[in-house]
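Q: I have a new structure open and would like a quick walk through it. Can we go piece by piece?

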There are 2 protein chains.
Amino acid sequence: MEEKLRQLKKLWEEIADFKATSALLEWDQLVNMPEGAAQDRGEQIATIEKIAHDKLTSDEIGRLLDDLKIMLDQNDADSDDARLIKVAKRHYDKAIKVPAAFVSEFARASTIGQSVWEKAKLESSFETFRPCLEQLVELRRQYADFFKPWQHVYDPLLDDFEPGMKTVEVQEIFNALRPEQVELIRQISQESQVEKSFLFLNYPEEGQREFGVEVIEKFGYDWKHGRQDKSAHPFTTGFGLNDVRITTRFKSNFLPSAMFSSMHECGHALYELGINKRYNRSPLADGASMAVHESQSRLWENLVGRSRAFWRCFYPRLQEIFPSQLGNVTTETFYKAVNAVEPSLIRVEADEATYNLHIMLRMELEIALMEGSLSAKDAPQAWNEKMKDYLGILPPDNAQGVLQDVHWSFGGFGYFPTYALGNLVSAQLWERMLQDIPDVEGQIEQAKFADLLGWMRKHVHIHGAKFEPQELVQKITGSKIIPNPYMRYLETKFKDIYHL
Amino acid sequence: MEEKLRQLKKLWEEIADFKATSALLEWDQLVNMPEGAAQDRGEQIATIEKIAHDKLTSDEIGRLLDDLKIMLDQNDADSDDARLIKVAKRHYDKAIKVPAAFVSEFARASTIGQSVWEKAKLESSFETFRPCLEQLVELRRQYADFFKPWQHVYDPLLDDFEPGMKTVEVQEIFNALRPEQVELIRQISQESQVEKSFLFLNYPEEGQREFGVEVIEKFGYDWKHGRQDKSAHPFTTGFGLNDVRITTRFKSNFLPSAMFSSMHECGHALYELGINKRYNRSPLADGASMAVHESQSRLWENLVGRSRAFWRCFYPRLQEIFPSQLGNVTTETFYKAVNAVEPSLIRVEADEATYNLHIMLRMELEIALMEGSLSAKDAPQAWNEKMKDYLGILPPDNAQGVLQDVHWSFGGFGYFPTYALGNLVSAQLWERMLQDIPDVEGQIEQAKFADLLGWMRKHVHIHGAKFEPQELVQKITGSKIIPNPYMRYLETKFKDIYHL
């Protein structure tokens with residue numbers, strides 16, 4: 001049995017190398033690649049991913065996993081080896097259930113979907129995109145059917161990002177959260193807005209870069225195992241557990257953009273770099289889920305990076321870099337500006353108080369589309385109605401409404417909820433962490449992040465993909481994912497800022 | 001038969017994608033990779049290359065090539081398809097003859113060899129490196145034996161870089177060339193040296209970069225299909241025919257370094273970018289040989305970049321960028337400085353007149369080692385004797401002598417001659433090109449390179465790996481590789497500069 005486990009691990013190392021290689025091909029495409037190479041790069045990625053898929057779904061892996069099932073029952077179910085087998089089996093089972101012909105068809109539809117969506121968004125023409133959306137919904141339904149039986153048609157989609165989590169669980173959480181967030185925003189909207197025009201002055205890129213690099217170095221990002229480049233959209237990617245890179249973009253007329261995206265991506269990178277190195281090139285060398293991943297990025301971006309303690313420490317340095325822009329702006333004014341709440345049309349620009357509502361709207365529409373209770377053609381109207389309900393505003397056109405995000409254009413249903421769940425988990429972890437590090441704010445005010453990072457490493461990062469997200473959160477905080485800590489966090493913060 | 005050819009091409013596309021991917025992993029390692037990722041990267045490259053090797057040596061490829069042999073006899077032997085099959089068969093036959101166990105053993109020995117050599121060179125201790133050299137020579141003999149029968153034990157090694165070329169051919173060429181180059185250098189050494197101290201002033205990197213970029217853009221390097229980055233040693237690498245990248249390095253106290261290496265690498269890149277795009281992802285998507293590759297890099301570096309016409313055009317711009325360093329240096333003084341001849345110890349710093357002698361020395365030693373007429377322990381003495389004979393100087397230590405180059409440390413015997421052959425081919429092509437573009441100097445003086453590049457594309461680049469090097473040179477110039485044009489070039493140039 002030990003020999004079979006060794007064989008499985010050995011085979012998985014190759015799969016992991018393929019995964020890392022494919023990630024490098026994609027990173028290079030977004031960061032370095034000259035434009036004339038796009039078609040070749042597409043072929044290269046397709047070739048590598050095809051072989052990776054062949055390796056994962058090989059009879060050899062199937063037989064080893066069958067044989068190793070016995071070991072799962074005999075051994076300590078929480079041992080690394082038992083969990084490794086379990087996670088490997090999960091990947092294998094998922095991959096084997098989807099026929100190769102469907103994979104190709106879906107890949108084609110999502111490639112076309114993206115290019116049609118780009119055009120449709122530019123023209124703000126939903127009608128252009130509608131046939132693609134219809135086809136992608138239909139393909140996603142077929143996809144879900146490969147995993148029957150399920151409780152809900154949305155379950156298999158969600159499961160791709162949140163292993164083991166069910167639609168009904170997310171709905172319960174969101175149903176509890178929605179009215180409270182709506183009410184908070186209503187209260188804030190009745191108060192006078194905070195001053196933030198100085199965030200839109202001209203901030204030269206070099207200064208922004210310098211500040212961002214100083215911050216993430218203090219957080220604990222290690223250049224021996226990472227780097228930061230520029231790309232059109234910020235992202236994090238890893239090639240094994242020893243090389244996790246982040247990207248950023250600079251907006252010369254909006255200071256918060258690069259600053260907070262650097263902290264956000266750094267949070268993702270710290271997570272992957274904190275995974276037990278013994279798991280490298282194994283099925284456990286990954287985050288527990290997208291929500292747990294997002295909990296780490298949002299924690300460093302918001303709970304740390306948008307805190308008063310953080311700016312008490314770092315603001316003087318920022319003023320030093322941008323004396324003419326910020327010389328006359330106090331720490332408190334700056335702190336309030338980067339935390340301004342304002343219902344707005346675009347998700348990626350939303351503040352902490354409104355962000356989750358953008359997500360809930362999307363998940364509700366996705367579920368309705370998958371269930372068939374909403375047809376694609378009615379999506380724009382449904383979108384606008386919910387925007388009015390939750391945020392009190394109406395998109396002037398579909399480009400700023402139903403067409404704003406790329407996700408649906410490649411059939412990425414099931415992903416959106418992970419953003420909001422990540423917010424909830426970040427606050428839940430924070431409350432638990434405070435019991436062990438009651439003075440964390442004092443430490444942040446002195447730019448000391450070692451205890452905080454150490455806590456996250458010990459409780460979250462180290463485990464990699466060993467536990468499912470609900471299991472991990474339960475293990476750390478004593479309960480599954482719940483909305484209360486996040487609501488407490490929002491209320492405390494914004495009642496103070498807006499004097500509610 | 002058409003169907004089988006289609007299958008072969010299809011399989012080769014995958015092999016080409018693997019090759020491109022492996023090249024990207026290596027490019028990234030040398031240009032971007034954080035140091036902590038070295039071990040993982042090694043595993044990733046090994047995994048990709050193993051699969052690429054498995055694909056190349058698969059029974060499927062073997063059977064297709066067997067079946068397609070008939071087509072080779074029936075069809076026009078010079079058609080693209082016939083040549084594609086021939087080149088594919090060449091790669092397959094070479095790969096299949098070397099047992100996997102040997103490949104692993106050799107890979108291990110060359111990895112160890114490189115790290116031992118680094119240490120040995122640092123300490124200038126040949127004795128440290130000697131056991132590795134002995135083992136690598138022995139392994140290279142075994143390698144040659146896989147390809148028996150051969151005329152000469154060195155043939156299979158040379159053939160890896162110069163398809164179809166034999167040791168005796170190279171020896172004949174070098175034997176004719178050697179006395180003439182030795183005599184030219186003797187004559188030059190009796191003249192007074194040219195002034196070149198201004199090349200060693202401080203030249204800020206940004207200005208060097210700016211000038212280099214302007215030059216290679218004028219040459220015709222297209223940023224839509226390439227980029228230039230920094231690395232410890234300059235190199236060119238491609239990921240398919242639409243993405244060929246170059247690297248450079250800057251020495252703040254030696255102006256020629258980055259300048260000429262940019263032109264050199266650009267020459268390599270222009271070659272690959274000029275290959276018939278229809279050959280992309282096929283066995284023909286490659287240079288004809290290393291010598292032909294080197295002919296292109298040396299042509300742009302030396303025949304163009306070190307010409308009087310070039311500097312008449314570009315020197316004012318260089319003075320503009322570096323006014324304090326070059327403001328008082330005339331074009332003619334500068335031209336002579338970058339062409340100064342001086343017998344020196346280090347190959348990579350050698351001028352055009354002495355360079356080939358460094359190469360001949362190495363090839364003669366390699367052949368003697370392979371034949372067994374020289375034992376590894378006697379290599380330092382043999383080296384020093386030849387240095388005295390050919391260049392009239394004696395290395396003060398082995399670091400500046402027998403240990404100076406990396407090539408032997410990974411068992412890369414057979415590579416060195418391609419550098420000198422490349423020089424010869426560059427002059428041979430130039431003489432032929434002059435018949436079609438008699439005014440090329442006038443064009444260069446106006447920074448017009450389109451005709452020259454067009455000529456190289458039409459006669460050299462477009463064919464990719466379709467023809468063997470000797471065949472290609474014969475086809476273009478009417479004779480195989482010969483030393484006379486290069487000697488004519490050297491004599492004309494240096495008799496003028498040194499008033500011989």
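Q: Which residues does B:Asp80 touch, not counting those up to four places away in sequence?
A: B:Asp80 touches B:Arg278, B:Tyr279, B:Leu284 and B:Lys466. Contact means heavy atoms within 4.5 Å.

Q: And where is B:Asp80 found?
A: B:Asp80 is found in helix H4 of chain B, residues 80-97. Helices (H or I, at least four residues) and strands (E, at least two) are DSSP runs, numbered from the N terminus.

Q: What does its side chain make a polar contact with?
A: The side chain of B:Asp80 makes a polar contact with the side chain of B:Lys466, at 2.7 Å. A polar contact is a pair of N or O atoms within 3.5 Å; within protein, one must be able to donate a hydrogen and the other to accept it, and residues adjacent in sequence count only if both atoms are side-chain atoms.

Q: Before we go on, what are the ground rules?
A: This is a predicted model: local features need pLDDT of at least 70, side-chain atom pairs count only at pLDDT 80 or more, and totals for chains, interfaces and linings use all residues. Residues are numbered from 1 along each chain as its sequence is written, chains are lettered from A and ligands numbered from 1 in the order in which they are written, and side-chain values use heavy atoms, with hydrogens and water left out.

Q: OK, the interface. How many residues of chain B are in contact with chain A?
A: 38 residues of chain B are in contact with 38 residues of chain A.

Q: What area is buried between them?
A: About 2900 Å² is buried between chain B and chain A, and carbon and sulfur atoms give 54% of that. Buried area is the accessible area (1.4 Å probe) that two parts lose on being put together, summed over both.

Q: How many salt bridges cross the interface of chain B and chain A?
A: The rule finds eight salt bridges there. A salt bridge is a side-chain nitrogen of Lys or Arg within 4 Å of a carboxyl oxygen of Asp or Glu. One salt bridge between the chains joins the side chains of B:Arg281 and A:Glu43, at 3.6 Å from N to O.

Q: How many residue pairs are in polar contact between chain B and chain A?
A: The count is 14 residue pairs, both residues at pLDDT 80 or more.

Q: Which elements give two or more residues to the side of chain B that touches chain A?
A: Those are helix H1 (2-31) and helix H2 (38-56) of chain B. H1(B) gives the most, with 10 residues.

Q: How do the residues on that side of chain B divide?
A: They divide into 14 nonpolar, 10 polar and 14 charged. Ala, Val, Leu, Ile, Met, Phe, Trp, Tyr, Cys and Pro count as nonpolar, Asp, Glu, Lys and Arg as charged, and the others, Gly among them, as polar.

Q: New topic. What order do the strands of the open sheet in chain B have?
A: The order of the three strands is E1-E3-E2, with mixed pairing. Two strands pair if DSSP finds at least two bridges between them.

Q: Why is one side of E1 and of E2 in chain B left without a neighbour?
A: Strand E1 (228-230) and strand E2 (236-238) of chain B stand at the edges, each with a single partner strand, so one side of each has no neighbour in the sheet.

Q: In which sense do E2(B) and E3(B) pair?
A: E2(B) and strand E3 (residues 244-248) of chain B pair in the antiparallel sense, over three bridges. B:Gly238 has B:Val244 in E3(B) as its bridge partner.

Q: Which helix lies across E1, E2 and E3 of chain B?
A: Helix H10 (residues 256-274) of chain B does, running at about 170° to E3(B). Axes are lines fitted to C-alpha atoms, for helices over the stretch in contact, and angles run from 0 to 180 degrees between N-to-C directions.

Q: What about phi at A:Ser124?
A: A:Ser124 has a positive phi of about 50°, although it is not a glycine. Most residues other than glycine have a negative phi, and most peptide bonds are trans.
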